[in-house]
Number of protein chains: 4
Amino acid sequence: MLTTKTLSIAEAKILIEGARRKSEEMGIPMCIAVCDTAGHLISFDRMDGGKISSISIAIDKAFTAACARKPTQVYGNLCQPGQPTFGIHITNGGHFSIIGGGLPVTSDGEIVGGIGISSGTAIEDVEVADAALAYFHAESGVTA
Amino acid sequence: MLTTKTLSIAEAKILIEGARRKSEEMGIPMCIAVCDTAGHLISFDRMDGGKISSISIAIDKAFTAACARKPTQVYGNLCQPGQPTFGIHITNGGHFSIIGGGLPVTSDGEIVGGIGISSGTAIEDVEVADAALAYFHAESGVTA
Amino acid sequence: MLTTKTLSIAEAKILIEGARRKSEEMGIPMCIAVCDTAGHLISFDRMDGGKISSISIAIDKAFTAACARKPTQVYGNLCQPGQPTFGIHITNGGHFSIIGGGLPVTSDGEIVGGIGISSGTAIEDVEVADAALAYFHAESGVTA
Amino acid sequence: MLTTKTLSIAEAKILIEGARRKSEEMGIPMCIAVCDTAGHLISFDRMDGGKISSISIAIDKAFTAACARKPTQVYGNLCQPGQPTFGIHITNGGHFSIIGGGLPVTSDGEIVGGIGISSGTAIEDVEVADAALAYFHAESGVTA
């Protein structure tokens, strides 16, 4: 039998709170998704003004970061034309995101879920995801 | 030009809080989704222990209640074999829910969103959705 | 942080071996799928002569049993016309199976995965799934 | 009337065993899929630690190699921007894989199925697929 650790809803909400604070500071209302180790959605918020088209993008980024185990922007680089992983963005029913803004969430080095941010530019989305992780580790006592 | 009223994220969270309280009281961890007037997700929570297979069901119930403008259990009755609406559950890419647990949310008689509950029996899901609406109107000051 | 137990590949293969033995005894080549606690495929075998159209049915049965946490034949009863859960079979992208042959796999009362069988009649599929579970608990030392 | 040769489940398992051995040697747990001449799944294993997001990628690679009759990395080259086959990866419902790791399996020069590997880099996936084929031809007595 294998044992897997995964984020609780209480922990997912700390991640969302961290993302919300950074988004408000930047003045960009975001879609924020947090999923478990297996890529299934735990919690989602679309801030007032967040983009409709970013709902599924945020969810896909969280899924990809948790399950493919890399920040989505890393896949953005690995999957450019000419790179050996070009084309991976259409796999998994089109839910494999290669746009920055998805990050794995870790606990003592083990991936326990993923966070995905969307509505800004990819660079702004990454900035919010980074801030959410920093807030999470500071507030939850969970060591990265 | 048309003007549409819709739930804010703050109001969506009051609905989710009402659902969460009832779910805890009943001892059934639920998936809880709230969508806007256009059927797009605003906020979602899967309580610890909520079913994986209920994530999309809760979201579909919220969508259907807001956009088809009826409690989903009403469609459950209208769509039985022999009824003229039989078959509607496979429309909208399979996202049209005819299982109880989805309710429109109103403000002064106008639909402003939908809530969807899933993980219990259909009857338990309806009970939690009802309780969430009652809590919402009591706490938010929004008249049904 | 939550902790989840799930089947290993070695344990999944014991389940498949149990299903294979019963299928051979009955003379019905089956599609056999085993998934983890989160509904994701661990192992799959289509015996020589197993039906092409049963590949996805077996996988869907395993997913449903693990994630909705009931034998799929129970949903077959709950979801008949006139029942409150009628219509659930089209949810989850059509992957929610209500046909007998999917069973949750438990360890000390906790669901740790699912097995799905398809190619026979629903009754034959259930018989093979039951035999696979019995074989699994006898051979693996895992208590149901 | 046409006659088609295709891999048996016993032969599929030799391919999977060859892939598993190489994966263990490399220390990378893989998703391994083998399909028949018609592209339909025969057998699948996700080794403990294999990526969730690689389940469908491995299956897609096996399908593509068997049915489009080329190693998937060949399509990776043929389908770059500017190439005449650019865009083929979104066909077949997104199941046409152009990422290395899918290989046709042959018997006396005739394609009898496909193998698909995923969880490593594309280069590691190709290495495992190559090793699986070599193991298969050595162990099964089937001439390539």
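Mentor: On a 1 Å grid over the protein atoms alone, a cavity is a set of points where a 1.4 Å probe fits but cannot get out, and its lining residues have an atom within 4 Å of a point; points are joined across faces, edges and corners, and a volume is the space filled by probe spheres set on them. This is a predicted model, in which local features need pLDDT of at least 70 and side-chain atom pairs count only at pLDDT 80 or more, while totals for chains, interfaces and linings use all residues. Residues are numbered from 1 along each chain as its sequence is written, chains are lettered from A and ligands numbered from 1 in the order in which they are written, and side-chain values use heavy atoms, with hydrogens and water left out.

Trainee: How many charged residues are in the lining of the largest cavity?

Mentor: The lining draws on chains A and D, with Gly87(A), Ile90(A) and Asp60(D) among its residues. Counting Ala, Val, Leu, Ile, Met, Phe, Trp, Tyr, Cys and Pro as nonpolar, Asp, Glu, Lys and Arg as charged, and the others, Gly among them, as polar, the lining has five nonpolar residues, six polar residues and, as charged residues, one.

Trainee: Which residues of chain C line the second largest cavity?

Mentor: By class, this lining has four nonpolar, six polar and one charged residues. Chain B contributes residues including Asp60(B), His89(B) and Phe96(B), and chain C contributes Gly87(C), Ile90(C) and Thr91(C).

Trainee: How much area do chain B and chain C bury between them?

Mentor: Contact means heavy atoms within 4.5 Å, and it takes 20 residues from chain B and 21 residues from chain C. Buried area is the accessible area (1.4 Å probe) that two parts lose on being put together, summed over both. For chain B and chain C, with 62% of it on carbon and sulfur atoms, this area is about 1,500 Å².

Trainee: Which residues in chain B lose the most area to chain C?

Mentor: The side of chain B that touches chain C has 10 nonpolar, eight polar and two charged residues. Those that lose the most, together 31% of what that side buries, are Lys51(B), Ser53(B) and Ile99(B).

Trainee: Which residue of chain D comes closest to the rotation axis?

Mentor: Chain D can be laid on chain C with an RMSD of 0.1 Å by a turn of 180° and a shift of 0.0 Å along the axis, which is the relation of a two-fold axis. At 2.5 Å from that axis (C-alpha), the closest residue of chain D is Phe44(D).

Trainee: How many salt bridges are found across the interface of chain D and chain C?

Mentor: A salt bridge is a side-chain nitrogen of Lys or Arg within 4 Å of a carboxyl oxygen of Asp or Glu, and the side chains of Arg46(C) and Asp36(D) meet in one at 2.9 Å, N to O. Between chain B and chain C the count is zero. Across the interface of chain D and chain C, the number of salt bridges is four.

Key
On a 1 Å grid over the protein atoms alone, a cavity is a set of points where a 1.4 Å probe fits but cannot get out, and a pocket is an open set with protein on both sides within 12 Å along at least five of seven lines; lining residues have an atom within 4 Å of a point. Copies are superposed by least squares on the C-alpha atoms of residues with pLDDT of at least 70 in both.
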